[in-house]
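Hi everyone, thanks for coming.

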Amino acid sequence: MGRWVAGRLVQAIITAAIAAVLMFFLMRAAPGDPLARLSEDRQLTPGQAAVLRERYGLDAPPATQFAAFARGLLRGDLGTSIEYGRPVTALLGERLPASLLLGGTVLLLTFGLGSWLGALQAIRRGAADRVLGAASLALYATPSFWLALVLAWLVGVEWRLLPAAGMRDPFLPMDASTGERLADLLRHLVLPALTLAAVNIAATMRYQRAAMAETLEQPYIGAARARGLGERRIRWRHGWRNALFPVVTLFGLWLPLLVAGSVFVEKIYAWPGLGALAADAVAARDYPLLMGASLLVTALVIAGSLLADLAYAALDPRVRRP
Amino acid sequence: MSDRPSFLRAALATPEGRAGMLAVGAIVLFGIAAPFFLPDPAAQPDIVRGALQPPSPLSPFGTDDLSRDVLARVAVGARVSLAVAAIAVALSATLGTLVGIVAGYAGGTADAVLMRLVDGALAVPRLFVLLLLLAAWERMPLLALILIIGVTGWFGTSRLVRAEVLRLRESEYVRAAEALGAGPGRVMFRHLLPNTLGPLLVAATLAVGDVILLEAGLSFLGLGVRPPTPSWGGMIYDGRAVLTTAPWVSIFPGLAIIVTVLSVNLLAGGLRAALDPRKA
């Protein structure tokens, strides 16, 4: 087991290194000038442009630039944001908690609701199965940014039920209690979390439905029935519990949802997380920041798939034997 | 190779596939035929219609802030979205198949190197790959956008095709072909390729739906299809500013995306059921 884990770890590190190299050359291959945005706002003189070019290392040959990039990466230094003039790592760090809160909530919602509804589909079959299946397919086909706009408009503006932007109410009294602050935060969390969970729930439901249908065919379910156990107990205790395993091991693969899925949704609900930061970096053509955000998301993806593999191996010993 | 999958037969084999095929066909027809009965979406100020008019018999989806007919723009958007997605997916399917067949059949170092690269590329979420690539372009011809979306989409396909080739490589008919003196090119493209087409077709159809959503998102961020070419994502973005007073400007392009992606995914589900009953 120890050797298998070490091997898988080395593999993840190699993948991360290759991904970083690919991303660096990808961005250099794209046409366009990282300083275009700055010079467009401020009418840089050629002299000023040269100074900035030197500061951001844009005048060096690609190989030198890559060496500097790789050294920085190893030291945990992702360069300086052009738009904010501050270290990229500091900006990413500030935005991480909001993204983790939103992403964690979305994971719980997709996993909890998705596995429950998927299991329900497998149990009920017939009309309920078809209706739930069709609804999840339609949600899967829905663009997250459109759903976010529509919900912000309907729930936030027309019906005034929930706040449609930000993470805190700016008019909350300074001396508000912790409970009030928490309630305010939760109210702001509802719409972004629901939007992201809705467009992502289909995969979990599909997986859970298949796993549950297979489990319900197992002989031990028939045995439980023969022992005269209640149908509800058989389905949920004996069936669902076992059918959860394949879905639990997918948990790691959903980690990227924490950031990747939220670019649009965070932007529209003005949720101060990494996704909104990435969207702003795109709008400002802030390459160091965009690169930093992409690297962080990629690291999360690799860590997620590593975790998923480890979870799977822990649950199913056959995987560990090559 | 008489069991080579026929796209049409497979698509029409299940009710799901028939519904998807019918809907996709209707959307394509709508995109093609719209200019013949709808106002020219490029014709800008339209005094007869007026700006931000709610849906009416004259313009069933209403008009936008530049008095353009939303239905006409949705129709042109259908053409743009489907064309971008279909061509981009055809490109990625071709690239992915080539890499997958070569890696799977050659094996050894070539396979190891190619698959390491693919793993690295797959680790970067595709949206971020495209953001990194596209943010640099101030102006983007439609063809360049299609090429870029296509070139960033083949990694998963290559894994799929490679897995199929690994499965088939040791089978009797491939051994027989090799024993009869067939060269690697003939084995790969004459014998292996046709037998990977089933799963490839399912994956490519699903990919069309994903690319429609991806392109809409990019266009929403201003990085995809650039104005004045109408695109669903761009239209939703344009409607953002008037969402509270004229919601139809954003609502209808969004519904068009949902209906289209849903139809394509139904078709993919039908194909899967027909071509691979195991995984249905």
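This is a predicted model: local features need pLDDT of at least 70, side-chain atom pairs count only at pLDDT 80 or more; totals for chains, interfaces and linings use all residues.

Residues are numbered from 1 along each chain as its sequence is written, chains are lettered from A, and ligands are numbered from 1, in the order in which they are written.

Let's begin with chain A. What does its secondary structure come to? There are 13 helices and 0 strands. Here helices (H or I, at least four residues) and strands (E, at least two) are DSSP runs, numbered from the N terminus. Chain A has 322 residues, and 37% of them are buried. By buried I mean that 20 or more other C-beta atoms lie within 10 Å of the residue's own; exposed means 12 or fewer, partly exposed is in between, and the C-beta atoms are placed from the backbone.

Next, contacts: two residues are in contact if their C-beta atoms, placed from the backbone, lie within 7 Å. If we take contacts in chain A between residues at least 6 apart in sequence, 74% of them join residues at least 24 apart.

Now look at where the two chains meet. Chain A brings 37 residues to the contact and chain B brings 38 residues. On the chain A side, helices that each supply at least two residues include H1 (2-29), H7 (144-158) and H13 (287-315). Which helix gives the largest share of that side? H1(A) does, with 8 residues. Sorted by class, the side of chain A that touches chain B has 31 nonpolar, 5 polar and 1 charged residues. For those classes, Ala, Val, Leu, Ile, Met, Phe, Trp, Tyr, Cys and Pro count as nonpolar, Asp, Glu, Lys and Arg as charged, and the others, Gly among them, as polar.

On to the nonpolar cores. A nonpolar core is a set of buried Ala, Val, Leu, Ile, Met, Phe, Trp, Tyr and Cys residues joined through C-beta atoms within 7 Å. The largest one has 144 residues, and among those with the most contacts inside it are A:Ala293, A:Ala278 and B:Leu131. H3(B) provides the largest share of this core, 18 residues. Apart from it lies another core of 7 residues, with A:Trp240 and A:Ala243 among them. Back to A:Ala293: leaving out residues up to four places away in sequence, A:Ala293 touches A:Leu92, A:Leu274, A:Leu277, A:Ala278 and A:Ala281.

Here's a pair of helices to find on your screen. H5 (residues 88-124) and H10 (residues 231-248) of chain A pack at an angle of about 125°, and their axes are 11 Å apart. The axes are lines fitted to C-alpha atoms, for helices over the stretch in contact, and angles run from 0 to 180 degrees between N-to-C directions. H5(A) and H10(A) are therefore oblique to each other; under 35 degrees counts as roughly parallel, over 145 as roughly antiparallel, 65 to 115 as roughly perpendicular, and the rest as oblique.

By contrast, is helix H9 of chain A buried or in the open? Of its 8 residues (219-226), the number buried is 0, so H9 of chain A lies largely in the open. A:Gly228 follows H9(A) and has a positive phi, near 85°. A:Leu151, in helix H7 of chain A, is buried, with 21 other C-beta atoms within 10 Å. From A:Leu151 to A:Gly228 is 77 residues in sequence and 48 Å in space, C-alpha to C-alpha.

Most residues other than glycine have a negative phi, and most peptide bonds are trans. A:Arg125, in the loop between H5 and H6 of chain A, has a positive phi near 55°. A:Arg125 is exposed, with 11 other C-beta atoms within 10 Å. A:Arg285 also has a positive phi, about 50°, but A:Arg285 counts as buried, with 21 C-beta neighbours inside 10 Å. Over in chain B, the peptide bond from B:Pro227 to B:Pro228 is cis, with omega near 10°. B:Pro228 sits in the loop between H9 (184-220) and H10 (232-240) of chain B.
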